[in-house]
Amino acid sequence: MPSRRSRKQEIQEFSDALVRAARDPEEPQPLCAGYSDRYVDYDELPSAEQAQSLCAPCPLVKMCHIAARAERPVWGIRGGRVWIDRRQAPRK
């Protein structure tokens, strides 16, 4: 039976994937890179459904979601979820 990775290991895996993506354009690239206007810079947060659809095609979405749950972002979209004051916004 394979051993389960710790949350710290999962966060590190995501961080490593971002570093590889920054160094090598052949590595899977996060869709949000370079598009802060779609993912962070807005006056009104998108709905949970909109956030999920924005992130769904990203090859790093699963790792991003795991890292976001551990890090609890202050604001914005991470891993296909909307975050406000370090909490996931409820789905309506």
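The following conversation works through a predicted model of one protein chain.

User: What should I know about the model before reading any values?
Analyst: It is a predicted model in which local features need pLDDT of at least 70 and side-chain atom pairs count only at pLDDT 80 or more, while totals for chains, interfaces and linings use all residues. Residues are numbered from 1 along each chain as its sequence is written, and side-chain values use heavy atoms, with hydrogens and water left out.

User: Which elements does the protein chain have, and how many?
Analyst: The protein chain has four helices and three strands, and from the N terminus on they run α-α-α-α-β-β-β. Helices (H or I, at least four residues) and strands (E, at least two) are DSSP runs, numbered from the N terminus.

User: How many of the 92 residues are buried, as a percentage?
Analyst: Buried residues account for 29% of the 92. Buried means under 20% relative accessible area, exposed means over 50%, and partly exposed lies in between (1.4 Å probe, protein chains only).

User: Turning to α1, which of its residues are buried?
Analyst: They are Glu 10, Phe 14, Ala 17 and Ala 21. Seen down the axis of α1, these buried residues fall within an arc of 55°, so they line one face of the helix. The arc is that of the directions from the helix axis to the C-beta atoms.

User: What do they pack against?
Analyst: The buried residues of α1 pack against α4 (61–71) and β1 (75–78); contact means heavy atoms within 4.5 Å. On the face turned away from the buried side, α1 carries the exposed residues Lys 8, Ala 22 and Arg 23.

User: How is the sheet arranged?
Analyst: It is an open sheet of three strands in the order β1-β2-β3, with antiparallel pairing. β1 and β3 (87–88) stand at the edges with a single partner strand each, so one side of each is left without a neighbour in the sheet. Two strands pair if DSSP finds at least two bridges between them.

User: How many bridges join β1 and β2?
Analyst: β1 and β2 (residues 81–84) pair over four bridges; Gly 76 has Trp 83 in β2 as its bridge partner. The two strands form a hairpin with two residues between them, and Gly 79 in the turn has a positive phi of about 60°.

User: Where does α4 lie?
Analyst: α4 lies across β1, β2 and β3 and runs at about 150° to β1. Axes are lines fitted to C-alpha atoms, for helices over the stretch in contact, and angles run from 0 to 180 degrees between N-to-C directions.

User: How many salt bridges are there?
Analyst: The structure holds two. A salt bridge is a side-chain nitrogen of Lys or Arg within 4 Å of a carboxyl oxygen of Asp or Glu. Arg 78 and Glu 71 meet in one, at 3.0 Å from N to O. Glu 27 and Arg 20 form a salt bridge with their closest N and O atoms 3.6 Å apart.
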